[in-house]
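Reader: I am new to this structure and would like to learn how to read the packing of helices and the pockets in it. Could you take me through it step by step?

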Amino acid sequence: MTVERCLIAYDIGRAINPMLVEGQLIGGVVQGLGGALYEEFRYDERGEPLSVTFADYLMPTVREIPPIEVLLTEDAPSPLNPLGIKSAGEGGITPVGAVIAAAIDDAIGLPGGVTQLPATPQRVKALLRANRRSRAAE
């Protein structure tokens with residue numbers, strides 16, 4: 001699976017430092033992509049960790065990160081403080097898993113198919129096999 005492009009639209013209320021906000025959002029997207037496609041804490045039946053090195057615990061590298069475009073808007077300042085500012089860090093990470101799962105569901109034609117993240121190649125292949133079997137049974 002390859003993410004070819006990523007767009008972020010985020011209302012910040014009032015951006016005190018727009019470059020910092022963009023960096024936080026981009027960092028959040030990268031972390032979200034890791035959680036959606038690569039990173040998984042695995043344990044054996046005794047509870048011993050199996051993901052103990054970077055060979056076992058995959059993380060996205062610059063090779064896997066698509067171009068990320070950010071659109072910051074300041075259309076709705078927060079009424080909760082005099083500067084009208086809002087937080088920004090979680091805005092990049094929160095939706096990524098759902099967006100990736102929905103994109104995979106759409107690509108394979110199986111709405112609601114992805115029920116567990118990360119959506120590893122093995123899990124997606126299993127979904128494809130199950131989808132193929134269910135269509136053949138119809």
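Reader: At what angle do helix α1 and helix α3 pack, and how far apart are their axes?

Author: Bear in mind that this is a predicted model. Helix α1, residues 18–38, packs against helix α3, residues 96–108, at an angle of about 50°, and their axes lie 8 Å apart.

Reader: Which residues of α1 and α3 meet?

Author: From α1 come Val29, Gly32, Leu33, Ala36 and Leu37, which meet Val96, Gly97, Ile100 and Ile104 of α3. Sorted by class, this contact has seven nonpolar residues, two polar and no charged ones.

Reader: How much space lies in the largest pocket, and which residues lie nearest its centre?

Author: The largest pocket holds about 430 Å³ of space. Its lining has 22 residues, and those nearest the centre are Val3, Leu33, Val99, Ile100 and Ala103. The helix α3 gives the most to this lining, with seven residues, and by class the lining has 18 nonpolar, three polar and one charged.

Reader: And which residues lie nearest the centre of the second largest pocket?

Author: They are Leu37, Tyr38, Leu58, Thr120 and Pro121, out of 13 lining residues, around a space of about 290 Å³. This lining divides into seven nonpolar, two polar and four charged residues, and α1 and α4 each supply at least two of its residues.

Conventions. Residues numbered from 1 in each chain as written. Predicted model: local features only at pLDDT ≥ 70, side-chain atom pairs only at ≥ 80, totals over all residues. Heavy atoms only, no water. Axes fitted to C-alpha atoms, helices over the stretch in contact; angles between N-to-C directions. Helix = DSSP H or I, 4+ residues; strand = E, 2+ residues; numbered from the N terminus. Contact = heavy atoms within 4.5 Å. Nonpolar A, V, L, I, M, F, W, Y, C, P; charged D, E, K, R; others polar. 1 Å grid on protein atoms, 1.4 Å probe; cavity = no way out; pocket = protein on both sides within 12 Å on 5 of 7 lines; lining within 4 Å. Points joined across faces, edges and corners; volume = space filled by probe spheres on them.
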